[in-house]
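Subject: Structure handover

Hi,

Here is the structure for you to look over. My notes on it follow below.

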Number of protein chains: 4
Amino acid sequence: MARKKVRVNEASVVYSEKPELKNPVLIEGLPGVGNVGKLAAEHLVDEIGAKKFADIYSTDFPPQVFIDHDGIVHLVKNELYYWKGDIDIIILTGDYQGLSTKGQYILTQSVLDVIEKYGTKMIYTLGGYGVGVDVEKPHVTGAATHKTLVKKYKKYGMTFKDEGGGGIVGASGLLLGLGKMRGMKGVCLMGETSGYMVDPNSAREVLKKLTKILGIKIGFSKLEEKAEEIDRIARHIRSLEKSAMEKDTSDKLSYIG
Amino acid sequence: MARKKVRVNEASVVYSEKPELKNPVLIEGLPGVGNVGKLAAEHLVDEIGAKKFADIYSTDFPPQVFIDHDGIVHLVKNELYYWKGDIDIIILTGDYQGLSTKGQYILTQSVLDVIEKYGTKMIYTLGGYGVGVDVEKPHVTGAATHKTLVKKYKKYGMTFKDEGGGGIVGASGLLLGLGKMRGMKGVCLMGETSGYMVDPNSAREVLKKLTKILGIKIGFSKLEEKAEEIDRIARHIRSLEKSAMEKDTSDKLSYIG
Amino acid sequence: MARKKVRVNEASVVYSEKPELKNPVLIEGLPGVGNVGKLAAEHLVDEIGAKKFADIYSTDFPPQVFIDHDGIVHLVKNELYYWKGDIDIIILTGDYQGLSTKGQYILTQSVLDVIEKYGTKMIYTLGGYGVGVDVEKPHVTGAATHKTLVKKYKKYGMTFKDEGGGGIVGASGLLLGLGKMRGMKGVCLMGETSGYMVDPNSAREVLKKLTKILGIKIGFSKLEEKAEEIDRIARHIRSLEKSAMEKDTSDKLSYIG
Amino acid sequence: MARKKVRVNEASVVYSEKPELKNPVLIEGLPGVGNVGKLAAEHLVDEIGAKKFADIYSTDFPPQVFIDHDGIVHLVKNELYYWKGDIDIIILTGDYQGLSTKGQYILTQSVLDVIEKYGTKMIYTLGGYGVGVDVEKPHVTGAATHKTLVKKYKKYGMTFKDEGGGGIVGASGLLLGLGKMRGMKGVCLMGETSGYMVDPNSAREVLKKLTKILGIKIGFSKLEEKAEEIDRIARHIRSLEKSAMEKDTSDKLSYIG
């Protein structure tokens, strides 16, 4: 895994390995609403044991290094993983999306350059769909590049329609829009989420649909643990708020009395 | 209409057809104040049955896809339509104007590159002119590249003068300013509008002047329906505000009493 | 004055004439604090009858055209004027400074490219120095590229010292800093000004120093008329504020009584 | 020290001298939290008598000149100093860090290009670590590119761990992250600081560690004088705040009474 010398420009792909893959599907999960896409993609990497083969650096990512638990720094980046099975898979995840409009286009096109060489025909992008309220059982909405896909994926219980909103912003949208121009097909799976907190619950629902589509079996216990932890935090915050309100009311009463 | 493989840069023109046109005039209507220009351009496309011949993509548009009623995505873009008649016409409309200062110059110059090849001599840009109050019967103000045009178009009931404001910002201004450098003439038709809502009423007035100038006959019923709908919404909002105010007053009275 | 076809990039100099000049000094006055520099430069152009020989367009200026009193548009730009006398002069003024950091460097370097060809050895930049309060008799502060200049110009009653502030921002600073790298000398003349209004009074004081330095005689009556007009407006605003305050006080009294 | 003619682009290194150095270590201290890094680097330059050999200008620095006590301007820049001893040293300090994300990457890579030619193997970056409260005796935290360095520098009393924060932003982080890609090693020394004021006290602690690591002896009296001055100012501000609060309370009492 010798690291090659590299000058970072708007999109610098640094390979640690060049795996042989047969028309791999691309699965994208980068930071976004509720962090749904990133949580789902990282969980999938862990569960199937996907292996990293490339890092993507960019002058459009923040000028920043992260520090791990041992005090070791790593430059912020995106990562490409692969997995070989009945169907070959490339997974894109990472620390950030590009900060600028232009940077997002350039980064997405650099990913398309990579997967085009591998013969990718199909892209799945994962994300959250903010609804502003807590969601007990998150529904998964879809958007696709072609009508045939809409027909196909409706069978998996996804809804395809105009959200009446701003469409899909960021890599999840651009990979479909720009991929279509290169003859690729794609679908975006969006899990309902409040939009206020990271949402492993929504990520699980998105992954359930995706793995069913791909015919892959994975466990969800780690996502469920994360969801329970978030739930505990949320309940704790609510109870603090309730105490504060009650205290506030009793303060006022004593003031009046 | 085979879509060609394309890498999107600051201004990527993707032709679906290369029509033969004779010195077509350019008509521009992109999003702006009251959406007057876009409403007018789109109505004109529909009424005369203009045909799309090119899409313009740009890294300066938001990194975004829109989702249509069937759940199909399309990458945000501008569009060029053509129509052949006694006078040939190219119409420019689209989802967005460029987000950055530099991007607006580059996009406008890419449009000028297209129309220069077709031998365009005359440009009409359409827009709204915000006056901050509701306008019953919107007046159409003009601004032109040459004095001869001012003289000519005053006959159509347009006013040409310094608005005392900031001039014309965006494609409607740049197409005239940058087109003039290439020997083209042009005029901007600006419909009065409050600036608070989309304004099909103002768009109709602008289009009436334009079609009279071009000697084209079109219907306006669809714009009028849209105007009535906007009017209904505005009246509804006003009645809600009135109720809220009355309720507010009665609340206060009961509080005092 | 045939206008040549031009593609506007970050700094596009379009010549209408190529005058023969002998080591002209450059005088810069662009929009800034109190508009002191621009007012001074434009007044100088008018008084000595300087002639325009080039326009500078830039994708870093706002994407905008201005409309004149006759309804004719012109793309926003900077302008270069020349005047031939005992000493040859080039004057830089215009509608805007570059909007971005990088754009300001590029525009300034494009001006230096022009004057370097003409053999310019000396640059005078004009600007306002905001002090936050009204100034009856504005003092002129200087800053220079070389110690010999400080010594020379102190004789004209200018002060040279650290302002304890942020230095000089924009073209007035960059022309000196970047010009020095090309072996040019320069001085910035900064007129005290409140910073709240355009200040023809401060512009006159700056021009008085500059014309004395250059050995040029000009009239100041137009600047004085503008200064009186601004003064009238300021007095009117103050009287309105006074009335409003008095009314406000009497309202309160009647409310209490 | 003849200044060469130069066109400033995103990173323009202008040499005044090309010293011969043997695998110099790089020490970076640019403006940042508490100005700790810049204070430390400048103090080191003064104490060891390091000599400037290059200026770095950039279109990503503010378009600005500073004015010194004599009224002389200098364009904002970064500076490279060298010192030859048992170990050769290059020190990077300056007026600003790059303003844009992309600019920071380009500037950092231009510095790496310089030191790579000199055979640099090791980078020390200096900065402040904001903790939001006053710190009597600032601790020095570290972050490193390699585990061997963590082990080595822990012996000097530095802590290496995940801060739970956003990592290291700016040149102090990028030099490590991008330097690692070129086979260089590096460590960031971060002094605790409140983050509210410039902190010579924290800078001294950082420098004490660094000079011990490098085996260099320097005095700290100037930094201590600065620290005492800052301390006097802080005490004065606190006493003013106390008076204001007491006055405020007595005002209220007299108002009630």
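Arg7(B) and Asp113(A) form a salt bridge, with N and O 2.6 Å apart. The term means a side-chain nitrogen of Lys or Arg within 4 Å of a carboxyl oxygen of Asp or Glu. Arg7(B) sits in the segment before β1 (12-15) of chain B and Asp113(A) in helix α2 of chain A, so this pair links two chains. Helices (H or I, at least four residues) and strands (E, at least two) are DSSP runs, numbered from the N terminus. Over all chains, the rule gives 56 salt bridges.

Ground rules first. This is a predicted model, where local features need pLDDT of at least 70, side-chain atom pairs count only at pLDDT 80 or more, and totals for chains, interfaces and linings use all residues. Residues are numbered from 1 along each chain as its sequence is written, chains are lettered from A and ligands numbered from 1 in written order, and side-chain values use heavy atoms, without hydrogens or water.

Now chains A and D. Here 27 residues of chain A contact 31 of chain D (heavy atoms within 4.5 Å). The two chains bury about 2400 Å² between them, 61% of it on carbon and sulfur atoms. Buried area is the accessible area (1.4 Å probe) that two parts lose on being put together, summed over both. On the chain A side, Pro63(A), Ile67(A) and Val73(A) lose the most area to chain D, together 26% of what that side buries.

The rule finds 2 salt bridges across this interface. Asp113(D) pairs with Arg7(A) in a salt bridge, the closest N and O atoms being 2.6 Å apart. β4 (64-67) and β5 (73-75) of chain A each give two or more residues to the side that touches chain D. β4(A) gives the largest share, 4 residues.

Which chains do not touch? Chain B and chain D do not, with their nearest C-alpha atoms 15 Å apart. Chain A and chain C have no contact either, and their closest C-alpha atoms also lie 15 Å apart.

Last, the largest pocket. A pocket is an open set of points on a 1 Å grid over the protein atoms alone, where a 1.4 Å probe fits, with protein on both sides within 12 Å along at least five of seven lines; lining residues have an atom within 4 Å of a point. The lining comprises 35 residues, and Ser100(A), Lys102(A), Lys102(B), Lys102(C) and Lys102(D) lie nearest the centre. Helix α2 (101-117) of chains A, B, C and D gives two or more residues in each case.

Best wishes
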